[in-house]
Amino acid sequence: MATKPNIVLILNDDMGYSDLGCYGGEVHTPNLDALAAGGLRYTQFYNTARCCPSRASLLTGLYPHQADIGHMMGNDGVDGYLGDLNPNTLTIAEALKRGGYGTYMSGKWHVTRYVDGPKHNWPVQRGFDDFYGIITGAANYFQPRTLARDNQPVEPAGDDYFLTDAITDEAVRQIKSHQTEQPSSPFFQYVAYTAPHWPLHAHEQDIAGYKGRFDAGWDVLRRQRLARMVDFGIIDSKWPLSERDPRVRAWINEKNKDWQCRRMEIYAAQITRMDLGIGRILQTLRDSGAWENTLVVFLSDNGGCAEELGPGAADWVAKSAEKAGTLRTRDGRNIRFGNHPDILPGGEETYASYGIPWANLSNTPFRLYKHWVHEGGIATPFIVHWPQAIKTKGELRHQPAQLPDVMATFLDVAETAYPDSYKNRAVKPLEGFSMRPTFSNDPHRREVLYWEHEGNKAIRRGKWKLVCKYPGEWELYDMENGRTEIQDLAGQHPHIVHELSSIYDAWAKKCHILPWADLTRQKAVKSSKADTDEWNLFINS
Ligand SMILES: [Ca+2]
């Protein structure tokens, strides 16, 4: 029997479909580009539109609501929406541990509502031998809250602390330690970077590297990206570019060009710093002899994020920083929360986001953003690299696949079965299909893909995608003729709408998905659930 491969799963946070160099973007990502050149790029891999539901689905091989993380981290008091991983789930780490793997995690967890309380759903209790990272979502990169090592809270260490670099340092340490202490066992590592989720924090030298790169403005840059994507074969030349978001001015009329460019320069710098870290992780694999037989997968948890951190959201993040004791910089200066065109973001004394116009660029050529299940919210780059098993280099794969398929793939390559029960608990059946046949470009066994987030919902079978932007009506798109979701064919094909919506309804029932109006009513009744309500400030922001 062949030796089981190591598996390194790298997830990042709030990055659009086309930001990476190897997907057509301006962002300098030489390490991910090299990984893609030596492996495969998938063009139709899908996350599920939001941080925590995506992580729950990725980690358990189920749909988010089945793991009880149907929305955010609050407890909404109904099955599917408890904000804490369901006890009848199995994480990838727990499953691979059964297969003899060492299991390590560095980065953002975000699948439990218990930050200070019981730790039954912290990484170590959910199968990881070694954990360093944050338990919650968005974090100040210089002084992240909820930072922990294994089960213990820790403080950021050192004057030059920066979360992206710390996640890399710890990931490198974990690989070296594994290779020294148990070189004959395979390992699974989950590296969950928070970059480029807001706030816009980056190293000044990384930002400086982008000076001038975005000066052409979003209108020109979107067209240039599309041209490169067509050239790469990622996007079909017959699909029209989605229109500029109607809330965004034509670049020629933009009044705060310097501030706007600065926002995108920082966002790009955040990704480049992550890419540099990925380069160090990959070098550690090479140095320790693990390179040939390590499966590396890279993806993002949701599409580009258009949250503007206007006054309401800025108040919320400031309030949350006050609770965490991070209202000031480490040297005592006040932090300005929110997006202010009179303040250049990037440094520790700022807390801003890149906003609608640049998220619109990040998701080129698609419509909409994080939160929605049109392509802009759910399409992600997906890079697969495994020298020992994937001999074709630099090819594209167009088979549609989604998050639960990752766990199924890992268990397949690790020759590890998915059990019916674990530690005396029944385990819900795995929802994923192994993508291994697609490595050699055979068809993927998954026939139907499903999404629901905040009432936004979609189903895809073959070339047909039925999608609804809450509280609107179903729209129907032919993904082969126009993946940019411009020509709605629902009126022309009512029988397809009827058939697909029936399949969707059966799936939603199985997964405990509530109509969004019912759930928000439930939330309103439960006004004591402050956390959830506060998060709602971001909905439709
Ligand atoms: Ca995210």
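This is a predicted model: local features need pLDDT of at least 70, side-chain atom pairs count only at pLDDT 80 or more; totals for chains, interfaces and linings use all residues.
Which elements are included in what covers the buried residues of H9?

**Figure 1. Helix H9 and its cover.** Helix H9, spanning residues 355-362, is mostly covered, with eight of its eight residues buried. These buried residues are Gly355, Ile356, Pro357, Trp358, Ala359, Asn360, Leu361 and Ser362. The cover over them includes helix H6 (217-232) and helix H7 (257-287).

Figure 2. Ile378 belongs to helix H10, which comprises residues 375-378. Its relative accessibility is 0%, and Ile378 therefore counts as buried. When neighbours within four places in sequence are set aside, the contacts of Ile378 are Phe45, Tyr46, Asn47, Thr48, Ala49, Trp372, Val373, Trp451 and Lys465.

**Figure 3. The pair Ile378 and Trp451.** Along the chain, Ile378 and Trp451 are 73 residues apart. Their C-alpha atoms are separated by 8.9 Å, and Trp451 is one of the residues in contact with Ile378.

**Figure 4. Overall fold of the protein.** The secondary structure consists of 15 helices and 19 strands. The radius of gyration is 22 Å, close to the 24 Å given by the globule rule for 541 residues, so the protein is as compact as a globular protein of that length. Taken along the principal axes, the box filled by the C-alpha atoms is roughly 65 × 65 × 50 Å. Of the contacts with a separation of 6 or more, 74% are between residues 24 or more positions apart.

**Figure 5. Burial, surface and charge.** Of the 541 residues in the protein, 64% are buried. The accessible surface amounts to about 19,500 Å², and carbon and sulfur atoms contribute 50% of this area. Among the side chains, 61 are positive and 67 are negative. The centres of these two sets of charges lie 1 Å apart.

**Figure 6. Confidence of the model and the stretch 527-541.** The average pLDDT of the protein is 95, and 96% of the residues score at least 70. Over residues 527-541, however, the pLDDT is below 50. Beyond near neighbours in sequence, this stretch has 34 contacts in the model.

Terms used:
Residues are numbered from 1 along each chain as its sequence is written. Side-chain values use heavy atoms; hydrogens and water are left out. Helices (H or I, at least four residues) and strands (E, at least two) are DSSP runs, numbered from the N terminus. The radius of gyration is taken over C-alpha atoms; the globule rule is 2.2 Å times the number of residues to the power 0.38. Buried means under 20% relative accessible area, exposed over 50%, partly exposed in between (1.4 Å probe, protein chains only). Contact means heavy atoms within 4.5 Å. Accessible areas come from the Shrake-Rupley method with a 1.4 Å probe; for residues, only the protein chains shown count as cover. Lys and Arg count as positive and Asp and Glu as negative; His and the chain ends are not counted. The place of a charge is taken as NZ of Lys, CZ of Arg, CG of Asp or CD of Glu. pLDDT is the predictor's confidence in each residue, from 0 to 100.
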